[in-house]
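Here is a briefing on one protein model. Please look at the structure first, then read on.

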Amino acid sequence: MIEKKGEILSDLYILDCGLGSELKRKGFDLPDWTNSIWSAQAIIDEPDLIVEIHKDSIEAGSTVITTSNYYATPLILKDKQSKFDYKELSEIALTLAERAVKQSGKDIMIAGCFPPINVSFRPDLTPNKSEVESFYETLAEIYKGRVDAILCETMASIFEGEIAADVASQHFKKVWLSWNTRGLNPSLIPSGEELIQAAKSVSKFNLDCQLINCAHADLITESLEILKSVASNIGVYANSSIHTSREKQLESYENISEVHYHHQTEISSDEYAEFAKKWIAMGCKIVGGCCTTTPDHIKKIAELRS
Ligand SMILES: [Zn+2]
């Protein structure tokens, strides 16, 4: 366990599996992520299923579970005309994570999610600083005293990453900040800014670890090399896919879903574990799974540790 900046983590933290794809796999009618409140719908409709997924990950070997409010943000809820409030849904999501830990009977950490305030991979839709700041301040207030770490997820611009890191590090000792990468380019973040500049920009905050999430497993390995040159601790939770070029590259924001998911080939949990082995050898202290990873992927990572 580490408390101070730069101190080496004494053990590997294992995050949980992807939530959206796991909900779908368990039969939940998951709405499309680009025009709905996506997995946040399950907090309202199927809270027990979320507890079950948390517990499946714990059973598989996760030592950290992340709260399920990734898409419960004020802008997404408002845009999709949901009658629900992000504060209420975030509070419920935290309660579900607490319930899962309690029921598991294990000493599991909870990471409070700091998601992008708007649709993933769309830094062009991020509002002004005070709006983003107040969103994270409110989440910090909800999480205070009840989470073991903050996980800033899928950060898409230096602007967004700096605000999340700033607010999180003012309130919490253990802050993990995870960048997303731009389409198929492992050296850029979605805003088009250089990953190396992004990593440097947040190193002034008291972060425990910088990570990469939600990209193809093979491309993420390249991004990690970049991150490693700046951050004292690095981590990763990739999608269970590798990049396979199918046609011309699609690089506009309007086609971001295509950019992100089109050129992909699914990989098995064993293949994913081969990547995880490489990441741990590179020095990753936090490893888990993003889109389409299942508890079996987590199990294979956990087996690497033993
Ligand atoms: Zn993902």
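In strand 7, I234 is the bridge partner of Q210. This is a predicted model, in which local features need pLDDT of at least 70, side-chain atom pairs count only at pLDDT 80 or more, and totals for chains, interfaces and linings use all residues. Residues are numbered from 1 along each chain as its sequence is written.

**Strand 6 and its partners**

- Strand 6 (residues 209-216) and strand 7 (residues 234-239) pair in the parallel sense over five bridges.
- Strands pair if DSSP finds at least two bridges between them.
- Strand 5 (residues 175-179) also pairs with strand 6 in the parallel sense, over four bridges.
- There, C209 in strand 6 is the bridge partner of W176.
- Eight of the eight residues of strand 6 are buried, so the strand is largely enclosed by the rest of the structure.
- A residue is buried if 20 or more other C-beta atoms lie within 10 Å of its own, exposed if 12 or fewer, and partly exposed in between; C-beta atoms are placed from the backbone.

**Crossovers**

- Strand 5, helix 8 (residues 195-202) and strand 6 form a right-handed β-α-β unit.
- Strand 6, helix 9 (residues 217-228) and strand 7 form a right-handed β-α-β unit.
- Right-handed means that, with the strands pointing away from the viewer, the path from the first strand over the helix to the second runs clockwise.

**Annotated site**

- UniProt (unreviewed entry) places the feature "binding site" at C214, C290 and C291.
- These positions span 78 residues in sequence, yet no two of their C-alpha atoms are more than 6.5 Å apart, so they gather at one spot.
- Such annotations may be inferred rather than shown by experiment.
- C214 lies in strand 6, and counts as buried because it has 20 C-beta neighbours inside 10 Å.
- Beyond its neighbours within four places in sequence, C214 is in contact (C-beta atoms, placed from the backbone, within 7 Å) with T154, N180, N239, C290 and C291.
- C291 sits in the loop between strand 10 (284-289) and helix 12 (295-305).
- C291 is buried, with 22 other C-beta atoms within 10 Å.
- Leaving aside neighbours within four places, C291 contacts G18, G20, S21, C214 and N239.

**Overall fold**

- The protein has 12 helices and 10 strands, taken as DSSP runs (helices H or I, at least four residues; strands E, at least two) and numbered from the N terminus.
- Of its 306 residues, 53% count as buried.
- Its C-alpha trace spans about 45 × 40 × 40 Å along the principal axes.

How values were computed. Two residues are in contact if their C-beta atoms, placed from the backbone, lie within 7 Å.
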